[in-house]
Amino acid sequence: MSLPHAILTALLEKPSSGLELTRRFDRSIGYFWSATHQQIYRELGKLEQAGHIRALPAAVPSRGQKKEYEVLPAGVAELTGWVRSSEDPKPIRDALLLRLRAAAVVGTEGLAGELRRHLELHRAQLAEYRGMEERQFPPERRAAEPDRLRHLVLRGGIELERFWTQWLTEALAELDRDG
């Protein structure tokens, strides 16, 4: 149920077309809630049908023109209700963790290379997040209400990547110690 809420959030931040939403997902929301172009368009149709959004009237109607959407009061009410609701944390489901557990019974051959690959991917993501923080949230912008909360989300991503890089470094050290 979170994809429609991610779309409502993005549209409240800025009315957009489906293509613009897809690009914005690729640059921000998609880091913690990904969606394909097709999923976004399918969800836009459902949100419009439910009366949560509407396509803005085009200045000059033409065939094939991209629709730009805005959130209606019913959509704001839906998003507000969702923000206020409770939801339990989801259990971690990560194939790498399962692979490590399996290696305990079948052996660790080849595992170090995969752990190093993951470590490099997480280091790269951490560097990207830190770059985003530097560009998008200079100290003077971190106090403003919407930016403060957006920065908090980015900080969550930074801390998760720091966790993974630290944990993977420790896991590789364990493998080296045992190997």
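**Close-up views of a predicted model**

The structure, a predicted model, holds 12 salt bridges.

**View 1. A salt bridge links arginine 54 and glutamate 70.** The closest N and O atoms of arginine 54 and glutamate 70 are 2.5 Å apart. Arginine 54 belongs to strand S2 (residues 53-55) and glutamate 70 to strand S3 (residues 68-71), so the pair ties together parts that are 16 residues apart in sequence.

**View 2. Helices H1 and H3 cross at roughly 80°.** Two packed helices are described by the angle between their axes and by the distance between those axes. Here, H1 covers residues 2-13 and H3 covers residues 37-49, and their axes come within 10 Å. Angles of 65 to 115 degrees count as roughly perpendicular, and H1 and H3 are therefore roughly perpendicular to each other.

**View 3. Residues from H1 and H3 make the contact between the two helices.** From H1, the contact is made by Leu3, Pro4, Ile7, Leu8 and Leu11. H3 contributes Gln39, Ile40, Glu43, Leu44 and Leu47. By class, eight residues of this contact are nonpolar, one is polar and one is charged.

**View 4. Helix H5 spans residues 95-106.** H5 has 12 residues, and the distance from its first C-alpha to its last is 16 Å. This is close to the 16 Å expected at 1.5 Å a residue.

**View 5. Aspartate 94 and glycine 107 are shown at the two ends of H5.** At the start of the helix, a side-chain oxygen of aspartate 94 reaches to within 2.8 Å of the backbone nitrogen of leucine 96. Just after H5, glycine 107 has a positive phi of about 105°.

Methods
Residues are numbered from 1 along each chain as its sequence is written. This is a predicted model: local features need pLDDT of at least 70, side-chain atom pairs count only at pLDDT 80 or more; totals for chains, interfaces and linings use all residues. Side-chain values use heavy atoms; hydrogens and water are left out. Axes are lines fitted to C-alpha atoms, for helices over the stretch in contact, and angles run from 0 to 180 degrees between N-to-C directions. Helices (H or I, at least four residues) and strands (E, at least two) are DSSP runs, numbered from the N terminus. Angles under 35 degrees count as roughly parallel, over 145 as roughly antiparallel, 65 to 115 as roughly perpendicular and the rest as oblique. Contact means heavy atoms within 4.5 Å. Ala, Val, Leu, Ile, Met, Phe, Trp, Tyr, Cys and Pro count as nonpolar, Asp, Glu, Lys and Arg as charged, and the others, Gly among them, as polar. The expected span of a helix is 1.5 Å times one less than its number of residues. A polar contact is a pair of N or O atoms within 3.5 Å; within protein, one must be able to donate a hydrogen and the other to accept it, and residues adjacent in sequence count only if both atoms are side-chain atoms. A salt bridge is a side-chain nitrogen of Lys or Arg within 4 Å of a carboxyl oxygen of Asp or Glu.
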